[in-house]
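Hi everyone, thanks for making time this morning.

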Amino acid sequence: MEIKYTIQGLLVYMTIAAYLLAFVITILRQHKLGHIIYLLGFAIAVCSFGYRWYHVRHVPLQNLFEVFLCLGMIYPVSLFCRKALRVGGYAADMLIGAIVLFPAGFVFNAEPQQLPPALQSWLFTPHVAVYMFSYIFMAKATFQAICQLAGKNPKPGENLLGPEEATYRIVCVGFPLLTLGLILGSYWGKQAWGDYWGWDPKELWSLASWLVFLGYFHFRYMFGKKHPRINSLWAIAGMAAIIITLLWVNLSRIFSGLHSYAT
Amino acid sequence: MAILENHSENRVTLEDIEQTKELPFHIELKDFRIEYYEPAYLEVQTGQAQSKKIPAEVGGEIDLGNELGTAKIVRMFENFKMAIEDGNTIAYEDPHPGSNPALEVQITQPDGQVTTQWVFSLFPGHSHVQTKLQLKYSRPAYRAISDYVSELQVIENDKVVAEKDIEVNHPLHYGGYHFYQSSYDDKAMQYTILQVVSDTGLYVVYAGYWMLCIGVIWLMWLRHIVSKFKVKRT
């Protein structure tokens, strides 16, 4: 735990503050004002990511600090889900944004690093970016799943889907991205090391989370009508596997492998 | 497979079993090198508060002007050691662990007199010969590696048929075999280790990748978008 007394750190803290403020105001039913502050927070998050990009002079998706900085730019995802999928959860998104930026601001090392030889490939950006997108979608899906388990439904006037249907839709958006990430990673492994699969811990856990979501689809198709609450449990289990993939594998000393670049 | 610098090789050691197999062609290693983000320099003081510097590479040359002649880097050492044989001092690369980076610099004076001098990065100013020149080998103690490069030539029937400098992420493909930069001689950088893979079924795997991606995108994205448009039309 350390406070970053840099411009980068300041930008991160300002984003967190804006997201939290927007969250509180939205909870207090001032939706319009909340939305404006959320948008402001997003603008600061974009500046913060752009500043990092300029500072390190390569696409800043190399270590956990940079990845979480990227995850903090969540606003377009909430907008897309609201407009295209009829799924709400703005307040939850503000909180997700703040939670995601917290480790970037207080835990992870922000020391700029040069790209090691293995990461110098055109596949670096798409492989990581696709995963980031899918993780944000899956986090939103998990929130909807929790809503369903807690019995919270959107108000009739809002023109939003019920939480079970909403979970399914968001997972539908996120899953192909998860698949692409896995396959791009495998193709990259072939290019760099001559192996498309190395049973590296991160590979293993990303496959595990992919399989859990695959299980979600199969279960929902077969028994979803009879046991709708179990559908949501599948989605939450998938998110748990993603958290292990994203964090535990990198931070724990039990696992060491090709992906242990980012501590 | 392991190849020594300036040697060619066609034997590969098979995985798991201690057996070797011969490729139908030879691979020659012209040079193996590690490239860094922060370069190392040879700096020569040419006058009062005046100096010239060049990147530390074998073959690098500095023109020191009409009075002093030229300085040329002829050899680089990672772990410099000296020995005396028959009364002559001989410098050599010690393959044992340790670090004593040094450059062998050849100074050619305008009158044609050639002297050789060693320059050490760990001992700046230390010199075994008296010269007017102040030479400095500056390199950071820790440098981030930017590339591992093996300059390879494929030799078939005594002719060079292909050439490529391979790096991580940039393998060589020749005659149905892929050659990947895998490891290297971390002490003296005299050899490189390549991973050799022959996979004829690779395109089947890639076809599977495409099918999986297209299938998933169709099922979860396009199918819904298409059906939405159909609903709108009717």
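Leaving out residues up to four places away in sequence, Lys4(A) touches Gly9(A), Leu10(A) and Tyr13(A), then Phe65(A), and then Ala104(A), Gly105(A), Phe106(A), Val107(A), Phe108(A) and Ala110(A). Please keep in mind as we go that this is a predicted model.

Where does Lys4(A) sit along chain A? You'll find Lys4(A) in the segment before helix 1, the helix that runs 7–27.

Now, is Lys4(A) buried or exposed? Its relative accessibility is 10%, and buried means under 20%, so Lys4(A) counts as buried.

Let's move over to chain B. In terms of secondary structure, chain B has 17 strands and one helix. How does its radius of gyration look beside that of a compact globule? For 234 residues, a compact globule would come in near 17 Å, whereas chain B has 27 Å. If you box in the C-alpha atoms along the principal axes, you get roughly 95 × 50 × 35 Å.

On burial, 35% of the 234 residues in chain B are buried. The accessible surface of chain B is about 14700 Å², and carbon and sulfur atoms account for 52% of that.

What about contacts along the chain? Taking those in chain B with a separation of 6 or more, 43% are between residues 24 or more positions apart.

Technical notes: Residues are numbered from 1 along each chain as its sequence is written. Chains are lettered from A and ligands numbered from 1 in the order in which they are written. This is a predicted model: local features need pLDDT of at least 70, side-chain atom pairs count only at pLDDT 80 or more; totals for chains, interfaces and linings use all residues. Side-chain values use heavy atoms; hydrogens and water are left out. Helices (H or I, at least four residues) and strands (E, at least two) are DSSP runs, numbered from the N terminus. The radius of gyration is taken over C-alpha atoms; the globule rule is 2.2 Å times the number of residues to the power 0.38. Buried means under 20% relative accessible area, exposed over 50%, partly exposed in between (1.4 Å probe, protein chains only). Contact means heavy atoms within 4.5 Å. Accessible areas come from the Shrake-Rupley method with a 1.4 Å probe; for residues, only the protein chains shown count as cover.
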